[in-house]
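Dear colleague,

Please find below the structure that I am handing over to you. My notes on what was found in it follow.

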Amino acid sequence: MIEPAVVVDTEILKRFRPWSGVVPAGFFAYFLGNLTRADYWAFSKEIREIYDRERHENFSTPSIDDNIFDWLVLLEAVAEAKDAFTMAALGAGWGRWLVAGAFAARQCGIPSRLIGVEAEPTHFHWMQQHFADNGIDPADHQLIEAAASGRSGRAWFYFGKPDSWYGQSIINDRTLDQASGAETEYNGEKARLVRTIDLTELFASHRRIDYLHMDIQGAELDVLSSAPEVLTDKVRRVLVGTHSTEIEAGLRRLFADIGWRAQYDFPLNAQLRVADAVVTLGDGVQVWINPGL
């Protein structure tokens with residue numbers, strides 16, 4: 001195997017205290033101590049048997065895998081925040097990165113303001129439950145059952161198989177406009193008509209977003225390119241999970257046009273060295289920083 005040329009800096013991990021403690025039966029933990037129900041993921045029988053027992057765990061760092069950028073960029077954004085940490089997650093799933101952000105902000109002694117957008121109905125319910133499981137009142141934050149889009153309105157969206165599928169997306173097929181009712185079947189999967197929300201509407205009541213995390217299965221360029229002025233005026237840092245080379249190229253053009261700086265820009269299936277491990281990405285990762293904020 002060719003040695004990856006890119007070495008990723010993990011120094012930010014040293015600024016946060018790893019957690020150790022008792023993990024209740026039916027849960028797994030992350031390195032800041034945020035707990036997640038094992039029901040949220042289709043684990044193998046062997047892994048599930050571990051998680052179904054109460055146990056004591058000690059952490060030193062997050063797992064060095066293809067989620068490491070989610071950790072590194074999140075912690076850098078929290079460390080930069082001043083009086084409060086405001087984070088938005090589009091395609092939030094069960095809200096794991098939002099809750100992780102709240103735990104990191106707590107270590108820094110600042111409050112968190114969390115915005116979660118998720119259209120898959122079971123995932124949205126799990127996000128509310130996940131907040132409560134970690135001592136965070138969902139009512140104190142902005143959790144929205146909707147799909148992020150380039151325009152607010154309505155769209156068809158895949159749903160179902162929540163513990164084994166986190167790739168649900170908007171369906172761009174005008175023939176579905178003829179479907180009757182609010183649910184149908186499309187390409188062998190269940191689909192429903194859902195609310196969509198754009199960045200202009202989503203951030204209307206917010207002055208600053210310290211960190212925008214996006215994993216929206218191919219809609220990322222549509223969402224971001226629809227509101228460059230909102231990005232420039234309000235958003236400090238964006239992490240985008242990318243899903244095609246065309247989208248990656250479009251994002252580079254968009255952020256170059258508005259004068260942002262690329263912190264990371266790795267294509268789909270890139271190989272990187274992180275600490276002592278070689279990490280192979282699935283989705284691409286782009287991280288952009290707004291020098292104007």
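At 54% relative accessibility, N269 counts as exposed (exposed means over 50% relative accessible area, buried under 20%, and partly exposed in between, with a 1.4 Å probe and protein chains only). N269 is found in the loop between β15 and β16, and its phi is positive, about 65 degrees, although N269 is not a glycine. Helices (H or I, at least four residues) and strands (E, at least two) are DSSP runs, numbered from the N terminus.

The model is a predicted one, in which local features need pLDDT of at least 70 and side-chain atom pairs count only at pLDDT 80 or more, while totals for chains, interfaces and linings use all residues. Residues are numbered from 1 along each chain as its sequence is written, and side-chain values use heavy atoms, with hydrogens and water left out.

N187 sits in the loop between β11 (183-186) and β12, and is exposed, with a relative accessible area of 61%.

Leaving aside neighbours within four places in sequence, F85 is in contact (heavy atoms within 4.5 Å) with residues including L74, A77, V78, I110, P111, D210 and Y211.

E57 belongs to strand β5 (residues 55-58). Its side chain makes a polar contact with the side chain of R55, at 2.9 Å. A polar contact is a pair of N or O atoms within 3.5 Å; within protein, one must be able to donate a hydrogen and the other to accept it, and residues adjacent in sequence count only if both atoms are side-chain atoms. Not counting residues up to four places away in sequence, E57 touches W19, S20, G21, V23 and A29.

On a 1 Å grid over the protein atoms alone, a pocket is an open set of points where a 1.4 Å probe fits, with protein on both sides within 12 Å along at least five of seven lines; lining residues have an atom within 4 Å of a point. Grid points are joined across faces, edges and corners, and a volume is the space filled by probe spheres set on the points.

The largest pocket has a volume of about 790 Å³. Its lining has 44 residues, of which R96, Y166, D215, Q217 and D283 lie nearest its centre. The most is given to this lining by α3, with three residues.

The second largest pocket holds about 380 Å³ of space. Of the 18 residues that line it, R154, A155, I170, I171 and N172 are the closest to its centre. The largest share of this lining, three residues, comes from β10.

With kind regards
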